[in-house]
Amino acid sequence: QQQQQQQQQQQRRLDHPATAAVELVVAQDQTTTTPAAAAAVVEDLAAELAIRLQQLLDSAEPEDICHCLWAITKLQLLRNPQCSGLVIAATAHGLQHGWVHMLTGKPLSSLLWVHAQYHLQQHQQQGALERSGSSDQEQQQQQQQLQQQLLPSLVAAVMQECSQPSFLATWTPQEISMLLWSCAVLKVYLAPAAAAAAAVNEREQQGQLALPHNVLQEICVLATQQVVRFTPQGIANTCWA
C-alpha cells in the first residue's frame, strides 16, 4: 500500500510538474534530513520535473511555468543542466507564442528575476570553470549565449507590458523591488525621457537593454505610495538598484 501511494505521488508530480516544483521549496524548508542528502534528492527530483515540464510547454499554464522557474531558482538548482535548460526553453517558448504578454505582475517579475539570478550564477561559475579547466565550460558558454540572445526580446516584452496604462498599478512592493533589482543586475540602462526612438532602437539592436523613463517614473510613484509596505530586503534591493 505504501509503495502504491508512492507511485501515485510520483505520477501526480509528473502530471503537474510546476506545482510539484513549488512544493519542493516548502518541503526543503521543512526537512529534517541532513543538508547534503536532502540537496541530492531535491536536485534529482527537480531535474526530472524540469524535463517533464519541458515536454508540456504547449499545454502548461504560463503562470505555472513561471512558478516552476522561480522554484528551481529559489532552490539554487540552475547549475543543473536540466533545470537551466528549462529556463531557456520556457522563455523561448513564451516569447515565440506570446504568452509573456499574458502574465500579471507576480509571474512577470519572477521571470525576469530568474534570468537575473541565472546571469549572476553564470558569471560566478565562469571563473571557477576556467580555473578548473572543466569540460562543462563549453556547455556553460553555450547556455550563456542562448540567454544573451533571449534577453533583449524578454526585457522589451516586459517593458512593453509595464508601459501599458494601469498595468503597474496592482503591483506589490515585492514585485516592484524584484523588477528593479533584476534590471540592475542585467545592466538595463535608463532611457532618457527625451531620447529619440531611433537612438533607443539602435542601442537595443546592439544588445543593450532599456528601461523606459516613463516606466521608471511610474514605478517610483508606486513605490512612494507603498513605502510603508516594503520589507527591509525590498528596501535594500530597491535602493541598490
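Threonine 73 counts as buried because its relative accessibility is 7%, where buried means under 20% relative accessible area, exposed over 50% and partly exposed in between (1.4 Å probe, protein chains only). The residue lies in helix α4 (residues 62–74); helices here are DSSP runs of H or I with at least four residues, numbered from the N terminus. Leaving aside residues up to four places away in sequence, threonine 73 touches Leu78, Trp113, Val114 and Gln117, a contact being heavy atoms within 4.5 Å.

The model is predicted, so that local features need pLDDT of at least 70 and side-chain atom pairs count only at pLDDT 80 or more, while totals for chains, interfaces and linings use all residues. Residues are numbered from 1 along each chain as its sequence is written, and side-chain values use heavy atoms, with hydrogens and water left out. The pLDDT, the predictor's confidence in each residue from 0 to 100, has a mean of 82 for the chain, and 73% of the residues reach 70 or more. Confidence is highest in helix α8 (residues 173–185), at a mean of 95, and lowest in helix α9 (residues 197–205), at 57.

The largest nonpolar core holds 55 residues, of which Leu69, Leu86, Leu112, Cys162, Trp171 and Leu179 touch the most other members. Two or more residues each come from α3 (35–55), α4, α5 (81–97), α6 (105–132), α7 (136–162), α8 and α10 (213–225). The greatest contribution, 8 residues, is that of α7. Such a core is a set of buried Ala, Val, Leu, Ile, Met, Phe, Trp, Tyr and Cys residues joined through side-chain atoms within 4.5 Å. In soluble globular proteins, nonpolar side chains tend to be buried together.

Cysteine 162 has contacts with Phe167, Leu168, Trp171, Leu179, Val215 and Glu218, again not counting residues up to four places away in sequence. A search of the whole structure finds 0 disulfides, a disulfide being a pair of cysteine sulfur atoms within 2.5 Å. For cysteine 183, the nearest cysteine sulfur is that of cysteine 162, 8.0 Å away. Cysteine 183 is buried because its relative accessible area is 5%, whereas cysteine 239 counts as exposed, at 63% relative accessibility.

Helix α8 also meets helix α11 (residues 232–240): their axes come within 8 Å and cross at roughly 40°. Axes are lines fitted to C-alpha atoms, for helices over the stretch in contact, with angles from 0 to 180 degrees between N-to-C directions. At this contact, Ser177, Leu180, Trp181, Ala184 and Val185 of α8 meet Gly234, Asn237, Thr238 and Trp240 of α11.
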